[in-house]
Amino acid sequence: MLLILYLKHLTKYLKIPVLISLLFLLQQAKGQNIGDVEYFFSKIAAESAENEMLLYNDSLTEALLSYLQSVDDVIGTDIPEVKYLGQICPSDSLLKIFSWNIPLTVDENLYNCIIHNRKTGENILLQSSSGLKSINDESIIESDNWYGSLYYDIEPADESGNMTYILLGFDPNNVSANSKVVEILHFDTQGKPLFGKMLIRDDDRMLSRMIFRYSPLATMMLRFRDDRSGIVFDHLSPASPGYEGQYRYYGPDFSYDELEIHEGQLILTKDIDLRNEEDQ
């Protein structure tokens with residue numbers, strides 16, 4: 001960013017060929033940052049030692065933050081797809097979220113998330129290895145205590161422009177239980193992210209988020225409807241009544257539920273018919 005301002009200042013004095021050369025070098029530096037991100041991801045994928053993976057991840061994070069700080073408009077800039085890096089942006093274009101994980105063991109990940117806030121211009125870095133296993137559905141979580149998840153979709157909770165969003169996230173675990181989450185993201189008065197808000201209605205109970213835990217051998221659907229009017233998902237049940245509460249034995253039971261997005265709330269409806277949408 002300082003280099004950009006410096007170049008703008010020099011435009012008063014530099015001849016066109018020199019200015020073009022400097023702009024070319026600046027653009028080349030931006031490209032190098034993205035190249036560095038791809039390089040460090042490839043090194044992590046080939047590495048087995050935890051301490052080496054963590055060092056590469058530090059370098060990766062620094063390169064990505066450097067890239068984001070070097071562009072004037074993160075959301076309006078076409079960022080090339082990088083393997084292993086999740087990138088999502090809501091329809092109001094006020095945020096961009098990047099997330100990735102570093103598999104430390106078969107049942108533990110280091111989760112990384114950068115939230116770019118267009119209003120403030122901040123790039124907020126979050127890191128955690130906790131995952132969703134110890135999170136409940138009622139708490140409000142500050143960014144310093146972020147649990148860790150891979151976010152793969154996002155939608156504004158309403159059209160008021162108050163920067164409250166619905167996130168869909170995934171916490172893979174190859175031993176005990178995979179987890180997915182419907183999370184509510186909002187911000188405090190200082191612009192720091194908060195996770196969880198009592199917007200989800202399950203009969204007469206209000207929840208801050210919905211968490212789904214199921215067998216690592218199963219696949220669970222959790223997605224927005226095509227028209228973004230609600231969230232549809234597999235209903236999860238144990239393989240037999242004797243496994244009640246043992247989530248590594250849970251999986252889809254071929255029925256579906258929905259969270260309907262209505263006037264800033266998410267209202268749970270059970271046992272819906274998805275056949276028409278699936279046919280389309």
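## Basis of the model

The structure is a predicted model, in which local features need pLDDT of at least 70 and side-chain atom pairs count only at pLDDT 80 or more, while totals for chains, interfaces and linings use all residues. Residues are numbered from 1 along each chain as its sequence is written, and side-chain values use heavy atoms, with hydrogens and water left out.

## Overall architecture

The protein chain contains 4 helices and 16 strands; these are DSSP runs numbered from the N terminus, helices being H or I of at least four residues and strands E of at least two. Of its 280 residues, 47% are buried, a term for under 20% relative accessible area with a 1.4 Å probe and protein chains only, against over 50% for exposed and in between for partly exposed.

Contacts are heavy atoms within 4.5 Å. Of those between residues at least 6 apart in sequence, 51% join residues at least 24 apart. The accessible surface is about 14800 Å², with 50% belonging to carbon and sulfur atoms; the areas come from the Shrake-Rupley method with a 1.4 Å probe, and for residues only the protein chains shown count as cover.

## Nonpolar cores

A nonpolar core is a set of buried Ala, Val, Leu, Ile, Met, Phe, Trp, Tyr and Cys residues joined through side-chain atoms within 4.5 Å. The largest has 25 residues, and I97, I115, Y147, Y151 and F195 have the most contacts inside it. Elements giving two or more residues to this core are β2 (95–105), β3 (108–117), β4 (123–128), β6 (150–156), β7 (165–171) and β8 (178–187). Apart from it lies another core of 24 residues, among them I34, L64, Y67 and L110.

Beyond its neighbours within four places in sequence, Y151 is in contact with residues including I88, I97, W146, L167 and F195.

## K96

K96 lies in strand β2 and is buried, with a relative accessible area of 11%. Leaving aside neighbours within four places in sequence, K96 is in contact with V74, I75, T77, I79, Q87, I88, C89, I114, I115 and H116. K96 and I75 are 21 residues apart in sequence, yet 6.3 Å apart in space, C-alpha to C-alpha.
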